[in-house]
Number of protein chains: 2
Amino acid sequence: EEPPPPATGDPYAGDPPRHPALKVNSARPFNAEPPAELLSETFLTPNQLFFKRNHLPVPTVDPATYQLQVQGPDGRPLSLSLAELRSRFPRHEVTATLQCAGNRRSEMNAVRQVKGLEWGTAAIGTARWAGARLRDVLAHAGYAPDDGHNHVCFEGLDRDLSGTTYGASIPFRKAMNAEEDVLLAYEMNGEALPRDHGFPVRVVVPGVVGARNVKWLGRISVGPDESQSHWQQNDYKGFSPSVDWDTVDFTTAPAIQEMPVQSAITEPVPGATVPPGDLTVKGYAWSGGGRGIVRVDVSLDGGQTWHVATLAGEEQVPGRVWAWKLWQVTAPIPPGVTHLNILCKAVDASYNVQPDTVAPIWNLRGVLSNAWHRVTVTVERE
Amino acid sequence: EEPPPPATGDPYAGDPPRHPALKVNSARPFNAEPPAELLSETFLTPNQLFFKRNHLPVPTVDPATYQLQVQGPDGRPLSLSLAELRSRFPRHEVTATLQCAGNRRSEMNAVRQVKGLEWGTAAIGTARWAGARLRDVLAHAGYAPDDGHNHVCFEGLDRDLSGTTYGASIPFRKAMNAEEDVLLAYEMNGEALPRDHGFPVRVVVPGVVGARNVKWLGRISVGPDESQSHWQQNDYKGFSPSVDWDTVDFTTAPAIQEMPVQSAITEPVPGATVPPGDLTVKGYAWSGGGRGIVRVDVSLDGGQTWHVATLAGEEQVPGRVWAWKLWQVTAPIPPGVTHLNILCKAVDASYNVQPDTVAPIWNLRGVLSNAWHRVTVTVERE
Ligand SMILES: [Mo]
Ligand SMILES: [Mo]
């Protein structure tokens with residue numbers, strides 16, 4: 001039932017090969033993002049380029065013997081094979097963006113040292129996911145939406161040498177609501193889930209931070225409490241800039257679920273030299289909780305004047321806008337200007353906006369980094 | 001059926017008396033807010049001090065003959081008296097904050113002239129509302145949650161001389177969802193609705209901008225389109241700072257429904273002189289969409305350092321946190337400082353934050369003004 005122990009002394013020896021274009025922030029566990037400028041080339045991020053955020057070695061799972069354990073209301077476990085998960089429940093497809101809590105952490109690090117991986121702006125991606133609805137599986141196990149439970153906990157099959165598995169939870173209310181589109185996904189962009197993305201089954205919780213989208217799903221349980229895992233209790237929470245590692249009390253902040261409105265510039269890249277005349281700026285924008293993006297403002301002059309970008313992407317149902325918008329704007333570079341301070345900021349369906357600067361949202365873990373994105377470029381002389 | 005025409009030539013002659021402490025931004029129609037420092041004295045805002053935002057004269061409605069018209073799925077109107085509304089449907093109570101779209105508009109006006117009433121920071125208040133659930137009334141009229149309609153439109157009994165009534169709409173999905181707590185309210189803080197707040201019946205849409213909480217409710221209809229009223233189509237929408245009255249296209253922005261995270265300082269008042277030593281700062285914080293407030297940061301030094309405030313208020317269900325939090329923090333004034341630049345900023349359950357400054361969210365109508373609130377005070381010499 002457990003993944004086989006690694007063949008060598010290296011617990012990461014069984015990790016899969018990766019695309020050479022990825023920028024590796026950590027090799028073991030593997031954490032990597034694509035060059036940001038590739039993100040705006042396709043609305044759906046190719047699987048090989050989709051950011052990888054692993055907390056532990058990638059488990060080796062045999063799809064023929066895989067069994068998903070679901071704890072029933074009477075405590076008895078239900079066990080589902082991959083074939084059963086595919087055949088017993090309607091196949092449901094959702095286009096959803098996943099973003100790491102630490103996306104754009106490097107900008108926080110530039111303000112003051114934080115503890116975490118040095119993510120740039122590309123720890124985010126969008127895929128067409130297919131799988132069973134979590135609510136259908138929970139209903140099959142005997143749960144009803146009005147059962148009054150609080151949380152659905154997930155355990156991964158990835159584990160450290162002491163046997164601790166990755167874990168996280170989401171509200172029961174979210175899990176049981178058909179309109180929230182929570183999936184037990186077995187496909188990503190029309191292919192079987194890649195090993196780095198949770199083969200054979202992962203949770204996809206649209207609108208919610210990547211950390212709750214548990215990969216290599218082994219077990220589901222329902223109960224009054226959030227997951228007791230380190231990652232739910234003592235990580236992936238936001239704090240005031242005034243809180244440091246000596247004063248932090250992790251019980252005082254809620255676990256991140258829905259994420260705030262976000263956007264970033266993918267083109268031009270920082271430090272680029274651009275020709276005079278018209279400049280095209282590209283990027284992405286997304287918000288948590290199904291709140292679609294309603295506008296992106298772009299400035300070429302450090303925020304003195306703004307241009308409204310054109311948004312592109314799949315049309316989704318209001319309140320269930322799980323996917324990002326790619327955006328672009330073309331604007332004239334004023335004659336004689338030698339440097340451009342390019343900014344972007346997005347507005348979501350609740351008219352939430354991004355904060356102007358990084359320092360006031362700085363937090364010791366470097367999560368939730370969503371200040372205006374700034375890229376400086378040089379203008380070629382004519 | 002219609003309210004009687006005013007007895008004099010003045011359409012506002014029938015307006016009710018008001019509390020003398022209110023600061024009047026417009027007498028006809030009546031628009032007024034309390035002194036902000038009164039807001040933080042009580043979790044529930046007293047009815048007489050609750051901000052009044054009228055678009056038209058207050059209609060005179062006889063509760064004995066009042067009939068609420070509800071357009072049924074077959075087009076036939078259902079008619080409900082006040083007594084029927086009270087007796088036929090379960091009484092439901094909700095504590096919810098209402099905020100005007102234009103709250104804090106005066107701060108936008110200070111950046112650049114906008115078109116709208118000069119609201120300070122007190123066009124917001126919290127009440128315990130009681131009434132019938134809108135979904136129960138719509139179900140009684142023959143609607144089911146999965147009917148696939150898009151919008152529920154409301155018409156007020158308030159009308160201008162040409163006969164145009166106030167109107168607004170909300171998504172059908174919101175109206176039919178029991179967890180959204182949308183009410184047809186006939187009580188406010190334990191009293192019959194005051195005339196300025198919509199006697200005998202108003203809509204209360206928790207988490208949504210005041211403008212959709214239609215007062216003096218006369219008619220409800222359901223259909224594929226939003227309300228065609230001026231206030232839904234050509235007002236109460238947000239635009240880029242780059243858009244002016246020559247270039248605005250109201251079809252390009254969504255009608256404001258859920259509002260973004262908000263907070264303001266109510267004590268000390270701007271320009272106050274405070275004694276040296278410890279300073280207590282008070283205020284309110286709220287966010288739209290049932291996203292509760294998870295933290296308020298307060299700075300006494302213009303944002304260099306931050307203190308985490310203590311939050312107080314009714315405990316509400318996650319995702320249905322409709323009421324504000326009152327907050328306060330006590331912090332030492334550094335010795336020798338003669339002026340304090342006090343700031344506050346709130347964080348909501350999706351970890352959305354307020355923007356640092358007003359200019360980048362400036363919009364021609366002066367709505368959605370939610371930058372950090374800033375109050376400058378003088379410190380007494382010891
Ligand atoms: Mo993450
Ligand atoms: Mo309003």
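Are Phe51(A) and Trp119(A) buried or exposed? I looked them up, and both are buried (under 20% relative accessible area; exposed is over 50%, partly exposed in between, with a 1.4 Å probe and protein chains only).

Ground rules first. I am working on a predicted model, where local features need pLDDT of at least 70, side-chain atom pairs count only at pLDDT 80 or more, and totals for chains, interfaces and linings use all residues. Residues are numbered from 1 along each chain as its sequence is written, chains are lettered from A and ligands numbered from 1 in the order in which they are written, and side-chain values use heavy atoms, with hydrogens and water left out.

**Entry 1: rings**

I counted aromatic pairs over all chains and got 18. The rule takes rings of Phe, Tyr and Trp (its six-membered ring) with centres within 6.5 Å; planes under 30 degrees apart are stacked, over 60 edge-to-face, and the rest tilted.

Phe51(A) and Trp119(A) have ring centres 6.2 Å apart and planes at 85°, so I logged the pair as edge-to-face. This pair links distant parts of the chain, 68 residues apart: Phe51(A) is in the loop between helix H1 (36-39) and strand E3 (52-53) of chain A, and Trp119(A) in the loop between helix H3 (105-111) and strand E7 (124-133) of chain A. Helices (H or I, at least four residues) and strands (E, at least two) are DSSP runs, numbered from the N terminus.

Next I checked Tyr284(A) and Trp324(A): with centres 5.5 Å apart and planes at 25°, the pair is stacked. Tyr284(A) lies in strand E16 (residues 278-286) of chain A and Trp324(A) in the loop between strand E19 (310-312) and strand E20 (325-332) of chain A, so the pair ties together parts 40 residues apart in sequence. Tyr284(A) is at 0% relative accessibility, so it counts as buried. I found 0% for Trp324(A) too, so that one is buried.

I also noted a cluster in which ring pairs link Phe50(A), Phe51(A), Trp119(A) and Trp129(A).

**Entry 2: charges over rings**

The charged end of Arg18(A) sits over the ring of Phe30(A), 3.8 Å from its centre. The cut-off is NZ of Lys or CZ of Arg within 6 Å of the ring centre and within 35 degrees of the ring normal. For Lys115(A) over Trp245(A) I have 4.2 Å.

**Entry 3: chain A against chain B**

I found 37 residues from chain A and 37 residues from chain B in the contact (heavy atoms within 4.5 Å). The buried area is about 2,900 Å², and carbon and sulfur atoms give 51% of it; this is accessible area (1.4 Å probe) lost when two parts are put together, summed over both. In chain A, Arg173(A), Tyr351(A) and Asn352(A) lose the most area to chain B, together 23% of what that side buries.

How many salt bridges are there between chain A and chain B? I count 2, a salt bridge being a side-chain nitrogen of Lys or Arg within 4 Å of a carboxyl oxygen of Asp or Glu. Arg173(A) forms a salt bridge with Glu179(B), and the closest N and O atoms are 3.6 Å apart.

**Entry 4: chain B helices**
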